[in-house]
Amino acid sequence: MTARIAVIDDEAPNRMYLQTLLGTAGFEVQVAAGGNEGIALVEKERPDLVLLDLMMPEVDGFSVCERIRKGPAGAWTQIVVLSALDAVDGKIRALELGADDYLVKPVESRELVTRIKGMIDRAGRLRQQGSQARGRLTVVAGAKGGIGTSTIAINLAASEAIGKGAEAVVLADLAVPVGTLGSMLNIQAPERWAWGEALAGGASAHRLSSYLMHSPQVPFQLLPGVRRGSAYREVSPDAISDFATSLRGLGEVIVVDLGNQPSPFAPSLLREADVICIVVEPEVICVELTGSFLDRLRATGILSHRIRLAISNPHGSLQLSRTEVAATLKMEAAAMILYQRDEFSAASKRRLPIVVQQPQGPAAVQFKELTQALAAV
Ligand SMILES: Nc1ncnc2c1ncn2[C@@H]1O[C@H](COP(=O)(O)OP(=O)(O)OP(=O)(O)O)[C@@H](O)[C@H]1O
Ligand SMILES: [Mg+2]
């Protein structure tokens, strides 16, 4: 694939020179004549590398560098500052704001092309390693709404992240028709997050990783959920299948909230999952629905050895005991999350995983038990 470069420079002759030079060298080049235009171009086009001038009117190169780095393309776009300024302070500032390299103009054209090729090749190799990495995929699903499926997904991801670190753990919100994890964790997906667009045309791990969201309160990364009204049904099954594979490239542990509705994501995700955690409320109707859900799963060829049951009791309506649930579903529960009204409501008000809010509490112990049972699959 042709590598793409964005040139941000206010002077037309510079833009033309770089466009010709880099175009001839085989890159696809796009140009912007100012800071704001440049940031918009980078966010939209997600180039492999940005060549950035520093002295520009209105928005200067330093703030462009900082804003690109902190923006949605910032995790993987390389930024090379190309400036006539040769002062050490300016170089340090640009590097601290996220530039990968700083070159002083004039740069000999062959040297510039060789350096850029080297940087893009290096990033490609690292990416290749990243996407070959196969993180462990855990899919959490329920047969009914409002039974604590999302709460379990959040706390599984948080329990894993407490040991492994935020970089290693991703929670993906695939519940349809609308994902709730963003609001449960107080992480707002940016307006430009377009679910269908991210998936169309094969979502590589590289591309998906540019959509991961962080928050200082939450110990993992979040792949935001489907928005109300988004055209998730229009994504082709092939694209969904690629997406399910790509998800693994995002980290060491990937937890998916699949929700409780029939979903176009379900077939690929359930096939791809290393472990499927089925959430069930110990109540007659939910157990019955879960029974037919399990039958449907097995009918697709998914064997019970990848499936684990988690009993969740968000309403305190313990109609059935753990033994009764197991007998009806012909499967032991891996763990049971008891009804804990005050603890869950405090965590939910603070929009935190309960294992973060009360790491020593009884719920945290139950989630740890579940995490271990799933890790042993
Ligand atoms: N063990 C528990 N004890 C008390 N409250 C709980 C427990 N588990 C979950 N809850 C609360 O139940 C509510 C519903 O949980 P959650 O949103 O996780 O369910 P869900 O099955 O994902 O629902 P939805 O159908 O909306 O996706 C939340 O307010 C949550 O804090
Ligand atoms: Mg939910």
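Modeller: A helix axis is a line fitted to C-alpha atoms over the stretch in contact, and angles run from 0 to 180 degrees between N-to-C directions. Keep in mind that this model is predicted.

Colleague: At what angle do the axes of helix H12 and helix H13 cross?

Modeller: At roughly 40°. H12 covers residues 284–299, H13 covers residues 322–329, and their axes come within 10 Å.

Colleague: Why is H12 called oblique to H13?

Modeller: Set the angle against the cut-offs. Under 35 degrees would count as roughly parallel, and 65 to 115 as roughly perpendicular. The crossing is at roughly 40°, which makes H12 oblique to H13. The crossing is also right-handed.

Colleague: Which residues of H12 and H13 meet?

Modeller: H12 brings Val287, Thr290, Gly291, Leu294 and Arg298. H13 answers with Val325, Thr328 and Leu329.

Colleague: How do the residues of that contact divide into nonpolar, polar and charged?

Modeller: Four are nonpolar, three polar and one charged. Arg298 is the charged one, since Arg counts as charged.

Colleague: Now H6 and H16. What makes H6 roughly perpendicular to H16?

Modeller: Their axes cross at roughly 80° and come within 9 Å. The band for roughly perpendicular is 65 to 115 degrees. The angle falls inside that band, so H6 is roughly perpendicular to H16.

Colleague: Which residues make the contact of H6 with H16?

Modeller: From H6, they are Thr151, Ile152, Asn155, Leu156, Ser159 and Glu160. From H16, they are Phe367, Leu370, Thr371 and Leu374.

Colleague: On to the sheets. What is the strand order in the open sheet of five strands?

Modeller: E2-E1-E3-E4-E5, with parallel pairing.

Colleague: What makes E2 and E5 edge strands?

Modeller: Strand E2 (28–32) and strand E5 (101–104) each pair on one side only. Neighbouring strands of this sheet are turned by 20° against each other on average, with direction ignored.

Colleague: How do you know that E1 and E3 pair?

Modeller: Count bridges. Strand E1 (residues 4–8) and strand E3 (residues 49–52) share four, in the parallel sense, so they pair. One contact to look up is Ile8, whose bridge partner in E3 is Leu52.

Colleague: Which strands does helix H2 touch?

Modeller: H2 (residues 35–45) packs on the sheet and touches E1, E2 and E3. Its direction makes about 145° with that of E2.

Colleague: How is helix H4 directed relative to E5?

Modeller: H4 (residues 88–96) lies across strand E4 (78–83) and E5, and runs at about 150° to E5. Over 145 degrees counts as roughly antiparallel, so that is the label here.

Colleague: What about the open sheet of eight strands: in what order do they come?

Modeller: E8-E9-E7-E10-E6-E11-E12-E13, with mixed pairing.

Colleague: Why is one side of E8 and of E13 left without a neighbour in the sheet?

Modeller: Strand E8 (213–215) and strand E13 (333–337) stand at the edges. Each has a single partner strand, so one side stays without a neighbour in the sheet. From one strand to the next, the twist averages 25°.

Colleague: Over how many bridges do E12 and E13 pair?

Modeller: Four, in the parallel sense; E12 spans residues 307–312. Ser312 has Ile337 as its bridge partner in E13.

Colleague: Across which strands does helix H16 lie?

Modeller: E6, E11, E12 and E13. H16 (residues 362–375) runs at about 160° to E13.

Colleague: Last, the backbone. Which residues does a cis peptide bond join, with omega about -5°?

Modeller: Lys105 and Pro106. Pro106 lies in the loop between E5 and helix H5 (109–132). The peptide bond from Val176 to Pro177 is cis too, with omega near 5°. Pro177 is in the loop between E7 and helix H7 (181–184).

Colleague: What is the phi of Arg46?

Modeller: About 45°, a positive value, although Arg46 is not a glycine. Look for Arg46 in the loop between H2 and E3.

Definitions and conventions: Residues are numbered from 1 along each chain as its sequence is written. Chains are lettered from A and ligands numbered from 1 in the order in which they are written. This is a predicted model: local features need pLDDT of at least 70, side-chain atom pairs count only at pLDDT 80 or more; totals for chains, interfaces and linings use all residues. Side-chain values use heavy atoms; hydrogens and water are left out. Helices (H or I, at least four residues) and strands (E, at least two) are DSSP runs, numbered from the N terminus. A crossing is left-handed if the near helix is turned anticlockwise from the far one by less than a right angle, and right-handed if clockwise. Contact means heavy atoms within 4.5 Å. Two strands pair if DSSP finds at least two bridges between them.
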